[in-house]
Structure formats: structure tokens, C-alpha cells
Amino acid sequence: MPEPSAPADLPPSSSSSPEAGGLLPPELRAWMLLLAATGAIEQQLRPVVKNAFGVSHDEFLVLCLLADQPGTGGLRMTQIAELLGRPKTRLTYQVACLQHAGLITKQSVCGDKRGVEVALTDKARRLLTEASAPLANAVTDALDHTISTAQRDAMCGFLPHPPASTDTE
């Protein structure tokens, strides 16, 4: 299969700068490439997430934020809403779904009547551990089909590196 030079919805530009006749500055073109790659990743992740967790992609993002907390720490709902750029009312619904699925706990923050903190359950931690390989593969597959190898290498510079494989081919 030929290597893509740009995602299908972003045709290659004849120029990399507005001064040379192109309309988009390189920074905006890079942003559009990142959005296209993100969209492809979301499309690849949806069925994996649904199969492994039985939740929506947006609910999975809440799990990911919580999983990234040190130890068994949680996050306040306002922090999650800000980090995901979601309205608090939408997050309330997502948290209720995750709590109903047994994937998070919810408790009041000591000393703050309005504050609510959510944290992962052991069930969610187990499912995240079990699904880590399929989730990582979905991200890799999406990037492989969306951007060029050079672009993928540059993007992966931002991502954590998996341990080196001991397989020999």
C-alpha cells in the first residue's frame, strides 16, 4: 500500500506558506493534520471501547483522564469538564452512565458542599489493563492509515514510547 502524504480530506498543498500562494499558514495546516489524525483515531477506537467497556467514546475519555491520575486519585467534575471542554451538564450524564456501569465512584469533596470527585473502580482499572493492547493497536492503525511515516514519527515524539519488542522477524 502506498504511503499517504496527507489525509484524504486534506489534499497536498502546492505551498507550505501563504506568501508562496497557499492559503493556510504551516501552523494551521499542521493543526488540520492533527485534527484529521485525531478523527481517524476516534473512529478506530469506538468499536474497541464499546467492546471492552460498553461505554461511549466520550465516556471513555473520562476514564482516560481518571486513569492518568497518580495512584487511585480522582478528579473533581469541574476539572474533568474543563479538561475535556464539555459542559458540566453533559459530564453529569456521562458520569452517571459510568457509575451505573460500575466503572467510577463519585463522592462529595470534604469541606465543599458543591464539590464532587470521581475516581476509577477496580473494575475499570482491570478493564483498562486488559484492553491496553487493542487500544494501542487502534491508535497505531489509525495513524498508519492517516499520515505519512515522517508525520507519524514527528507526532509519536509527543507520545510515550512502548517498550521495545523482543520479537525478531
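Biologist: Leaving aside its neighbours within four places in sequence, which residues is T121 in contact with?

Modeller: A contact is a pair of residues with heavy atoms within 4.5 Å. Here T121 is in contact with G102, L103, I104 and T105, once its neighbours within four places are set aside. Before we go on, this is a predicted model, where local features need pLDDT of at least 70, side-chain atom pairs count only at pLDDT 80 or more, and totals for chains, interfaces and linings use all residues. Residues are numbered from 1 along each chain as its sequence is written, and side-chain values use heavy atoms, with hydrogens and water left out.

Biologist: Where does T121 lie, and is it buried or exposed?

Modeller: Helices (H or I, at least four residues) and strands (E, at least two) are DSSP runs, numbered from the N terminus. T121 sits in the loop between β3 (112-120) and α5. For burial, under 20% relative accessible area is buried, over 50% is exposed, and partly exposed falls in between (1.4 Å probe, protein chains only). T121 comes out at 13%, so it counts as buried.

Biologist: How many helices and strands are there in the protein?

Modeller: There are six helices and three strands. Along the sequence they run α-α-β-α-α-β-β-α-α. The protein has 169 residues, and 31% of them are buried.

Biologist: What share of the contacts joins residues 24 or more positions apart?

Modeller: Take the contacts with a separation of 6 or more: residues 24 or more positions apart account for 51% of them. M77 in helix α3 gives you a case to look at. M77 and V118 are 41 residues apart in sequence, yet their C-alpha atoms are 6.9 Å apart in space. Not counting residues up to four places away, M77 touches L91, T92, V95, K106, V116 and V118. At 15% relative accessibility, M77 is buried.

Biologist: And R76, what does that one touch?

Modeller: R76 belongs to strand β1 (residues 75-76). Beyond four places in sequence, R76 touches V109, D112, G115, V116 and E117. Its C-alpha is 9.4 Å from that of K106, 30 residues away in sequence. With 28% relative accessibility, R76 is partly exposed.

Biologist: Let's do charges. How many salt bridges does the structure hold?

Modeller: Side chains of opposite charge can pair when their charged atoms come close. The cut-off for a salt bridge is a side-chain nitrogen of Lys or Arg within 4 Å of a carboxyl oxygen of Asp or Glu. This structure holds two. One joins D58 and R86 at 2.8 Å, N to O. That pair links distant parts of the chain, with D58 in helix α2 (residues 57-67) and R86, 28 residues apart from it, in the loop between α3 (77-84) and α4. D58 is partly exposed at 25%, and R86 is partly exposed at 22%.

Biologist: What about the salt bridge of R126?

Modeller: R126 pairs with E130, their closest N and O atoms being 3.3 Å apart. Both lie in helix α5 (residues 122-146), four residues apart, which is about one turn of the helix. R126 is partly exposed at 43%, while E130 counts as exposed at 52%.

Biologist: How do I read the way α1 and α2 cross?

Modeller: The axes of α1 and α2 come within 9 Å and cross at roughly 80°. Angles of 65 to 115 degrees count as roughly perpendicular (under 35 is roughly parallel, over 145 roughly antiparallel, the rest oblique), so α1 and α2 are roughly perpendicular to each other. The contact is made by E42, L45, R46, V49 and F53 of α1 with H57, F60 and L63 of α2.

Biologist: Last one: which residues form the nonpolar patch on the surface?

Modeller: Patch residues have over 30% relative accessible area and no salt bridge; nonpolar side chains (Val, Leu, Ile, Met, Phe, Trp, Tyr) are joined within 5 Å, like charges within 9 Å. Here L23, L24, L28, W31, M32, L34 and L35 form the nonpolar patch, with about 650 Å² of accessible area together. Accessible areas come from the Shrake-Rupley method with a 1.4 Å probe, and for residues only the protein chains shown count as cover. Look at L34 in helix α1 (residues 26-53), partly exposed at 34%. The protein exposes about 10,900 Å², and carbon and sulfur atoms supply 57% of it.

Technical notes. Axes fitted to C-alpha atoms, helices over the stretch in contact; angles between N-to-C directions.
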